[in-house]
Amino acid sequence: MLSTRVGRSSLWTVVAVLLLAACTTRSGESSSSPSPSVSLQATDTGVTPTELHIGVVADVNVAVRPGLFQPAVDGVRAWAEHVNAGGGLAGRKVVVDFYDSRLTADGWHNAVRQACQNDLAMVATSAIADSNVADLTGCGIPDFANLTPTDEHATAPNTFSLLSQQPHRQILGPERWYLAEFKDKRCCDGVWLDNAATPSALAQAQGFRKGQLQIGFTEARSFSIIGLESDYAPFALAIKNSGATYVRVGTDYNQTVALRREAKVQGVDSVVVWDCSLQCYTPDFLRTGGADVEGQYVYNYFEPFEEADQYPGLQTFISSLKKFNPKAPVNGFSQGAWISGLLFGEAVEQTVAVKGPDGLTRANLLESIRGIHDFDADGMTGPVDIGNKAEVSCYMVMQVRDGKFVRVHPDKGLNCDPANVVTVE
């Protein structure tokens, strides 16, 4: 089920275009398809009379973590398969072209160049070494990103993302909750293991930590790691000796598991909040960590998978992903990629509604995305002003209890207080 929402100003245009295209509704299964009598044209790069090509650029074959963002590739491919089962988009079959950026600047450069040459848009972009955006902006390809880890990528005029994070802006709702909830337990005097796999990743981690300190955290120690460390004893001892009450590992979930295991060996007992975000919200974290990760806090920006029966859009994502690949992990990266597909699909639908099925060009697609101001990812999060690159303010916190993710805040739904987004000075 492809979600789309058309503004009131376009209503009468939609009525007219319905003679040519059947627009998707929240309850419908079909996508915008022209009447059999309409002959479609090749309209721009990646758009043929029968196919609509999109490129997914992601770090997959990397030494630090083989298959790092493979879930993002699976997520967007599952979305495309689901859309095609309902008739495609703009009367065309969606074709996903994958380009491996390999966690390197050269890999990013080469992948973006290929997408520029072959595809109408980039969807579910998930690359860390993404600071050089000359090719991206130069070719003008619409970029519906899953991740935008650097300021350069986030601020590129043709990049849009539900999890957009503009310079000096941090989503700190969970951190505010930790401070309030555990004030009596001296939270939060922290130890951070920052992700230094690339210069951009380290800069992002340091900016996040700066925001935490601004709202009331204190710093006991901080370290830079690349995710290949084999000995976590020095870090665990630093936590123990400092009496830290808050610990965050900013790399892959495996490093959180490694640190938790070593902390248990060293007898660390001062920590009130072991913190992690999307990278730990995966069944692999529970399976790998076992009893060692009991009590771990994990936060998310979307309604949780455990409550999918309450959210049709979430049900559709999970069932479609498992249909596409039963072994694909249902996690934050595959979900984010699916959401990138939903956003792309909504922009396509609005373009077709105004310009017709042969009005599908990069320029028109960018015009449409700039007009989307209340995107809610098919009910998975609160409305976000995508067109103005606003940050999502919604979040929820879970804790690992008896080997499962259990909701702890808020009691239901999401906390979407605008104060969750903080300007970091």
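**View 1. Accessible surface of the chain in this predicted model.** The accessible surface, computed by the Shrake-Rupley method with a 1.4 Å probe, comes to about 16400 Å² for the chain, and 51% of that area belongs to carbon and sulfur atoms. Of the 425 residues in the chain, 61% are buried, where buried means under 20% relative accessible area (1.4 Å probe, protein chains only). Because the model is predicted, local features need pLDDT of at least 70 and side-chain atom pairs count only at pLDDT 80 or more, while totals for chains, interfaces and linings use all residues. Residues are numbered from 1 along each chain as its sequence is written, and side-chain values use heavy atoms, with hydrogens and water left out.

**View 2. Overall fold and dimensions of the chain.** The chain has 13 helices and 14 strands, which are DSSP runs numbered from the N terminus (helices: H or I, at least four residues; strands: E, at least two). Its radius of gyration, taken over C-alpha atoms, is 22 Å, close to the 22 Å given for 425 residues by the globule rule, so the chain is as compact as a globular protein of that length; the rule is 2.2 Å times the number of residues to the power 0.38. Along its principal axes the C-alpha trace spans about 75 × 45 × 40 Å.

**View 3. Crossing of helix 12 and helix 13.** The axes of helix 12 (residues 332–355) and helix 13 (residues 362–369), which are lines fitted to C-alpha atoms over the stretch in contact, come within 8 Å and cross at roughly 105°. The two helices are therefore roughly perpendicular to each other, a term that covers angles of 65 to 115 degrees, on a scale from 0 to 180 degrees between N-to-C directions.

Definitions and conventions:
Angles under 35 degrees count as roughly parallel, over 145 as roughly antiparallel, 65 to 115 as roughly perpendicular and the rest as oblique. Buried means under 20% relative accessible area, exposed over 50%, partly exposed in between (1.4 Å probe, protein chains only).
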